[in-house]
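Hi,

Here is the structure I promised to pass on. Have a look at it first, and then read my notes below.

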Amino acid sequence: MEIRTLHPDDLDLLLNVRPGLFDNPVDPPQARAFLGSDLHRMVVAIKGGDIVGFASGTVLLHPDKAPSMFINEVGTREEFQRQGIATAVTTALIDAARAMGCDGVWLGTEPDNDPALALYRKLKGTEQTIAGFAWDGAFDPD
């Protein structure tokens, strides 16, 4: 199993991911823009040439604060779950954020997402209850 950060020259690998890992099919223009941005990172687990797990994040900039990273999503193919892949890619993404000079890493998940809660608690994240607000369907599934 290889754990590594994707770069713009990994576009073909991302475009050829088998269905079922991401919420939706990978969109070529979005994938190209994501990989081409210095403010986005995706760490993946690769087995047999296929991405089997990932964690993605976005660096948030603000004029009066150091950058921070928001972890967008963490996912593992069902048949590879409970093998430490989510832990490995999330840890590598947090390490990448630190190396980029981010002053803090954070994420949100649903209060009933037990596997995610277990992962983030295992990684010793500071748990904070927050209220979420969304516009234009931001919280809609898919």
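This is a predicted model: local features need pLDDT of at least 70, side-chain atom pairs count only at pLDDT 80 or more; totals for chains, interfaces and linings use all residues.

**Helix H3**

Let's start with H3, which runs over residues 85–99 and so has 15 residues. From its first C-alpha to its last it reaches 21 Å, close to the 21 Å expected at 1.5 Å a residue.

Which residues of H3 are buried? They are Ile85, Ala86, Thr87, Val89, Thr90, Leu93, Ile94, Ala96 and Ala97.

After H3 comes glycine 101, whose phi is positive, near 90°.

**Salt bridges**

How many salt bridges does a search of the whole structure find? It turns up eight. Here are three of them to look up.

- Arginine 4 pairs with aspartate 10, and their closest N and O atoms are 3.0 Å apart. Arginine 4 counts as partly exposed because its relative accessibility is 25%, between the 20% and 50% cut-offs. Aspartate 10, at 10%, counts as buried.
- Aspartate 50 pairs with arginine 77, with 3.3 Å between the closest N and O atoms. This pair links distant parts of the chain: aspartate 50 sits in strand E3 and arginine 77 in the loop between E4 and H3, 27 residues apart. Are these two buried or exposed? Aspartate 50 is buried, at 12% relative accessibility, and arginine 77 is buried too, at 4%.
- Aspartate 64 pairs with lysine 65, and here the closest N and O atoms are 3.4 Å apart. Aspartate 64 counts as exposed because its relative accessibility is 56%, over the 50% cut-off. Lysine 65 is exposed as well, at 53%.

One more thing about the second pair: aspartate 50 and arginine 77 belong to a network of salt bridges that also links Arg18 and Glu79. If you display Arg18, Asp50, Arg77 and Glu79 together, you can follow that network yourself.

Cheers

Definitions and conventions
Residues are numbered from 1 along each chain as its sequence is written. Side-chain values use heavy atoms; hydrogens and water are left out. Helices (H or I, at least four residues) and strands (E, at least two) are DSSP runs, numbered from the N terminus. The expected span of a helix is 1.5 Å times one less than its number of residues. Buried means under 20% relative accessible area, exposed over 50%, partly exposed in between (1.4 Å probe, protein chains only). A salt bridge is a side-chain nitrogen of Lys or Arg within 4 Å of a carboxyl oxygen of Asp or Glu.
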